[in-house]
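Thanks for sending this one over. I went through it with the viewer open, and my notes follow as numbered points.

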Amino acid sequence: MKLVRPVLLNLITWSLVLLISFPLLWMIVTSLKPQTELFRIPPTWVPETVTFEHYWRLLSETPFLRYFRNSVVLASTTTVFVVGLGTLGAYSLVRFRYRGRETLAMLVLFTYLLPSVVLIIPLYLMMVSLGLSNTLFSLILAHTTFALPYALWLLRSFMEGIPVDLENAALVDGASRMGAFRDVIFPQLLPGIISTALFTFILSWNEYLYALVLVNSDAVSPLTTGVMSMLISAFNIEWSLLMAASVMMSLPLIVVFAFLQSYLTSGFGAGGVKG
Amino acid sequence: MANVIFKDVHKRFGSFVALEKLDLDIHDGEFVALLGPSGCGKSTTLRMLAGLEFPTSGEIRIGDRVINDLAPGKRDIAMVFQSYALYPHMTVGENIAYPLKKRGIKGKARAEAVQKAAELLQLEALLDRKPKQLSGGQQQRVALGRALVRDPQVFLLDEPLSNLDAKLRSYMRAELIELHARLGKTMVYVTHDQLEAMTMANRIAVMHGGRVQQFDTPDAIYNRPANRFVAGFIGTPPMNQIDGTAEGDHIVISGHRIPFNRADFVDSLADGPVVLGVRPEFVAIGSGDGLPATVRLAENTGHETIVTLELPDQTRISARVEAARKLDVGQKVALRFDPAAIHLFEASENGTRLNLDETPAAVIPMRAK
């Protein structure tokens, strides 16, 4: 009787894990199969012959690396922008008292609630009038606009968990406001900053819609739209290349996740329990 | 010279008046306690001295420098916070060294100063620990260490003992008194605990409603309270305050006439309503002639008994008697007050004391230092 509960729990857990990880596993398996094995019925669960041919083709014959570089630049710069602005904004919202502070915070959140489809046309027109259309920078700005509100709220709740006395102590001990921020607030805020950075990076890395609308030149396309237009046409999908590309697109995220997942979960919990 | 002067200082937060006409002159090397209930303005006073708040008007000086607009770090003060505010990511040693680091003191000089402070507070063995690994008392000592490492002119302490348990609190109280004697520095100490203020301070500023009610020695605060608030705030239990009427040489309470010596009081004391104040230790419980009362409660603390008595008009007062004294609840008794220990106050809500202080009230040995 005592065994039923753990067995049942394990069963449910593992079937969930399998369900979630199956597409990932299938992606990896498919990317390693030779063309001849791809559409065989019944499918082979483990490739009979393992080949890295698709990866080689992807890297040598397609502009994949260029897209990859664009995505890295896009996601990293967006992250730097969002974390920088978000930290300063959250500091202001938590530490200073001024008229309309709460309204401002609510308005910021309100922009986050709007569906991006609503914002995309005005944003596009703005980019055109700024002469930024079809540049990577326009995407960086666009991603910043939709990642910043959430980042601000996330960092705000982290910031609220840092006792104001810590900063006061640093001020009395002879630090300037910037010095107190650097020496005392920043180290305390680091988990919040890391999880915000992760969140932003992932959002920007996976973003598709803005990239599709704001950028149409192959030279500045990020991975999402680049790979899509390169491998998927109306008549044909290059499955093997697509799977290889997908694996390589996921790799940075998986690596980052593996190292920093504890920060990420603490970030998602920060709104509920201040710590 | 590190005397601290508040001159006509006002502080408002929006429409809320936190401090009104604050005048304090704290001498060099003095230990002053700011004492009062929460919301009385004592912490605001300290924070203005620290530079964490700025006065709405008035002048604050340390020595001969006006420090109104000076940044906290430039005031040559050190502060111990109620929460200790130790930097969690730094070791004890780094915490203590931080104020020196911020003042550009490097290398050997810094290490020596940290070592000296650590020795003074017996923290040598803990220098490599993080604050989280320390007990409350140890954290408290680290906070003190961080304050005294750079030899500031004035120490500010914001309820530093309130997070400690009772035993550790009385130990740290003694430590702080010794530390003050050894350093000889000006210390301003905020507390809501009258025992801390009475035992540690050279002078106490009793605050209430954003105003200093009395600024004097613990002895004077206890024996010659300036007004009804101070009388009712200091002492455990505090001074009894009984509504009465002055009639010639007597105070009439519930029809009972209590004699008093009119020469001991100000000339303006007229016949009419007054408040009679008497400390519980000067309420004698007997039988026969006296103010009639009923025993409502007797609390034996071991070395004394605090008796709660009800007067005919339902007023409750307390008396302090020896522990062996046997009193039953409901027992009818007669009270007599030591005439030399009688205080009279104006009958208004926070009435001023009307005694002439050339003839101090009976001085009793209440402070055992």
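**Notes on the two-chain model**

1. Let me start with a residue in strand β2 (residues 16–26) of chain B, namely B:K21. Helices here are DSSP runs of H or I with at least four residues, strands are runs of E with at least two, and both are numbered from the N terminus. The phi of B:K21 is near 45°, positive although the residue is not glycine. B:K21 counts as partly exposed because its relative accessibility is 45%; buried means under 20% relative accessible area, exposed over 50%, and partly exposed in between, with a 1.4 Å probe and protein chains only.

2. A word on conventions: this is a predicted model, in which local features need pLDDT of at least 70 and side-chain atom pairs count only at pLDDT 80 or more, while totals for chains, interfaces and linings use all residues. Residues are numbered from 1 along each chain as its sequence is written, chains are lettered from A and ligands numbered from 1 in the order in which they are written, and side-chain values use heavy atoms, with hydrogens and water left out.

3. Please look at the other backbone features too. B:Q122 also has a positive phi, near 55°, without being glycine, and belongs to the loop between α3 (107–120) and α4 (136–148) of chain B. The peptide bond from A:I41 to A:P42 is cis, with omega near -5°; A:P42 is in the loop between α2 (35–38) and α3 (53–61) of chain A. In chain B, B:T236 and B:P237 are joined by a cis peptide bond with omega about -10°, and B:P237 sits in the loop between α8 (228–233) and β11 (240–247). For context, most residues other than glycine have a negative phi, and most peptide bonds are trans.

4. How many helices and strands does chain A have? Chain A has twelve helices and zero strands. Its C-alpha trace spans about 70 × 70 × 35 Å along the principal axes, and 43% of its 275 residues are buried. Chain A exposes about 15,100 Å², with carbon and sulfur atoms supplying 73% of that area (Shrake-Rupley method, 1.4 Å probe; for residues, only the protein chains shown count as cover).

5. The C-alpha trace of chain B spans about 80 × 45 × 35 Å along its principal axes, and 51% of its 369 residues count as buried.

6. The largest nonpolar core holds 55 residues, among which B:L49 and B:L156 touch the most other members. Helix α9 (residues 177–206) of chain A contributes the largest share of this core, seven residues. A nonpolar core is a set of buried Ala, Val, Leu, Ile, Met, Phe, Trp, Tyr and Cys residues joined through side-chain atoms within 4.5 Å. A second, separate core has 46 residues, including B:V80, B:Y84, B:L148 and B:Y222.

7. Which residues does B:L49 contact, leaving aside its neighbours within four places in sequence? Among them are B:V4, B:F6, B:I60, B:L156 and B:V188; contact means heavy atoms within 4.5 Å.

8. On the interface, 16 residues of chain A are in contact with 22 residues of chain B. The two chains bury about 1,500 Å² between them, 58% of it on carbon and sulfur atoms; buried area is the accessible area (1.4 Å probe) that two parts lose on being put together, summed over both. A:D165, A:V172 and A:D173 supply 41% of the area that chain A buries against chain B, more than any other three residues.

9. B:T91, in the loop between β6 (77–80) and α2 (92–102), is buried because its relative accessible area is 15%. B:Q331, in the loop between β18 (316–322) and β19 (332–337), is partly exposed at 28%. Not counting residues up to four places away in sequence, B:Q331 touches B:A293, B:T294, B:V295 and B:K326. The C-alpha atoms of B:Q331 and B:I77 are separated by 57 Å.
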